[in-house]
Amino acid sequence: MATTSSAHRCGSESLDLSNIDSIITTKTKIVALTHQSNVLGTIVPLEDLVKRTHDVGAVFILDACQSVPHMPVNVADLDIDFLAFSGHKAVGPTGVGVLWGRANLLEELPPFLFGGSMIESVTMTEATWAPAPRKFEPGVPNMAQIVGLGVALKYLTKIGMGAIHKHEIELTKYALDAMSGIDSLRILGPLNTDMRGGAVSFTLGEIHPHDLGQFLDDAGIAVRTGHHCAWPLTRKMGVAATTRASFYLYNTTEDIDQLCESILAAQKYFG
Amino acid sequence: MQLDNLYQEVILDHYKNPQNKKLSATYDAQVHHVNPSCGDEIDLNVTIKNGEVSAITWDGVGCSISQASVSVLTDLLIGKSISDAYRVFDEFVALMQSKGAVTGDEDLLEDAVAFAGVSKYPARIKCALLGWMAFKDASVQAQSKG
């Protein structure tokens, strides 16, 4: 299920939940959704979706790459079955992430890779597997990255996910307000922070995102440009690519002021 | 400003006033190329007459580097013999792969030497080459028809 509202409502793009009963049916085995869109910043309201998924006997998998590092997330409260997030979006190392699953489902799942440390017993004709999670972690572990991610998550937890979320919402409000004031800048995604996080994608008139991104990079500002691994979505939004600014615990309102100043300078440069 | 090495005046001029950016109704070969890492797309038509590149027209969406690069290409290669066009092509590709070590042969590349700075930005080299690779593809197809 990956539909967005078909109407092109600038500034209010969100998942259309009116037809979930016809999209999630008894034929559905898995519902996999992102918690917070990496393009639009929208936070998906999960309650009805998870309930419907379980009503039809399916499994709910949550991509939490943009939510776990940014706000309190409780898998029990959400009642989901699996959750995944990556280390590099949580001030951690690259090449490592977390998959959480319900114990009974992990027990049911067969391994998909084989190697050292994942067996219970092996003979010439058969093998049995170690209990999860070892069953899914064959071979030499990715030790340095795993330890690094553990430290990163402890660091975030110590600061407090509630405090991080509050800081981000304040920054996002400030950014939406400041960026909305820039001529020919169009924000894709909600213009308020009711159900959105700090990923703010936008277009700037005819200036191509790669040119804008290069300009901002030169000014010491890191943004992401392109279709954000979501080409069908950017096509649906009617744009070739967007520029995305995103905020985290280390950002300040001064950073946003600098971003806006540099956007104005880019307009002059490419204008 | 470091950025001015990348965005030479020639590049910004071609970006704002792209040359031959209107697909011709007739052609010997037409190709469609994309840069999957950024979504830039180009359609390009080539006509070859008596071993000479008689027309190149194109349309597309993309960043200033990709748009200016194909615009410069059309200015440079229309009217050249196929073998001369490929000499320019080879020189331009070598320039893009030079990591900033060479400035390019101005006699051969003319306005295209303005892209020398691009070779220092690995992420942008594909932008500069998009139209050139489309030309190579289309010209090979046009000749094989020939």
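This is a predicted model: local features need pLDDT of at least 70, side-chain atom pairs count only at pLDDT 80 or more; totals for chains, interfaces and linings use all residues.
Chain A contains nine helices and ten strands. Its C-alpha atoms fill a box of roughly 70 × 45 × 35 Å along the principal axes. Of the 271 residues in chain A, 34% are buried. Contacts in chain A were also examined by separation in sequence: among those between residues at least 6 apart, 60% join residues at least 24 apart.

The domain assignment divides chain A into domain 1, covering 20–159, and domain 2, covering 161–270. The centres of domain 1 and domain 2 of chain A, taken over C-alpha atoms, are separated by 29 Å. Domain 1 of chain A contributes 14 residues to the contact between them, and domain 2 of chain A contributes 20 residues. On the side of domain 1 of chain A that touches domain 2 of chain A, eight residues are nonpolar and six are polar, while no charged residue is present.

An open sheet of four strands is found in chain A, with the order β1-β2-β3-β4 and mixed pairing. Its edges are formed by β1 (30–34) and β4 (97–101) of chain A, each of which pairs on one side only. From one strand to the next, the twist of this sheet averages 15°. Strand β3 of chain A, comprising residues 82–86, pairs with β4(A) in the antiparallel sense, and five bridges connect the two. Within this part of the sheet, Phe82(A) is placed opposite Gly101(A) of β4(A).

Chain B also contains an open sheet, in this case of three strands in the order β1-β2-β3, with antiparallel pairing. The edge positions are taken by β1 (29–35) and β3 (52–61) of chain B, and each of these strands pairs on one side only.

Two packed helices are described by the angle between their axes and by the distance between the axes. For helix α2 (residues 9–16) and helix α3 (residues 64–77) of chain B, the angle is about 85° and the axes are 8 Å apart. Angles of 65 to 115 degrees count as roughly perpendicular, and α2(B) and α3(B) are therefore roughly perpendicular to each other. On the α2(B) side, the contact is made by Ile11(B), Leu12(B), His14(B) and Tyr15(B). The residues of α3(B) that take part are Ser64(B), Ile65(B), Gln67(B), Ala68(B), Ser71(B) and Val72(B). By class, the contact of α2(B) with α3(B) comprises six nonpolar and four polar residues, with no charged residues.

The contact between the chains involves twelve residues from chain A and eleven residues from chain B. Helix α7 of chain A, residues 209–218, supplies five residues, the largest share of the side of chain A that touches chain B. That side of chain A has five nonpolar, five polar and two charged residues.

How values were computed:
Residues are numbered from 1 along each chain as its sequence is written. Chains are lettered from A and ligands numbered from 1 in the order in which they are written. Axes are lines fitted to C-alpha atoms, for helices over the stretch in contact, and angles run from 0 to 180 degrees between N-to-C directions. Angles under 35 degrees count as roughly parallel, over 145 as roughly antiparallel, 65 to 115 as roughly perpendicular and the rest as oblique. Two residues are in contact if their C-beta atoms, placed from the backbone, lie within 7 Å. Ala, Val, Leu, Ile, Met, Phe, Trp, Tyr, Cys and Pro count as nonpolar, Asp, Glu, Lys and Arg as charged, and the others, Gly among them, as polar. Domain bounds come from an automatic or database domain assignment. Two strands pair if DSSP finds at least two bridges between them. A residue is buried if 20 or more other C-beta atoms lie within 10 Å of its own, exposed if 12 or fewer, and partly exposed in between; C-beta atoms are placed from the backbone.
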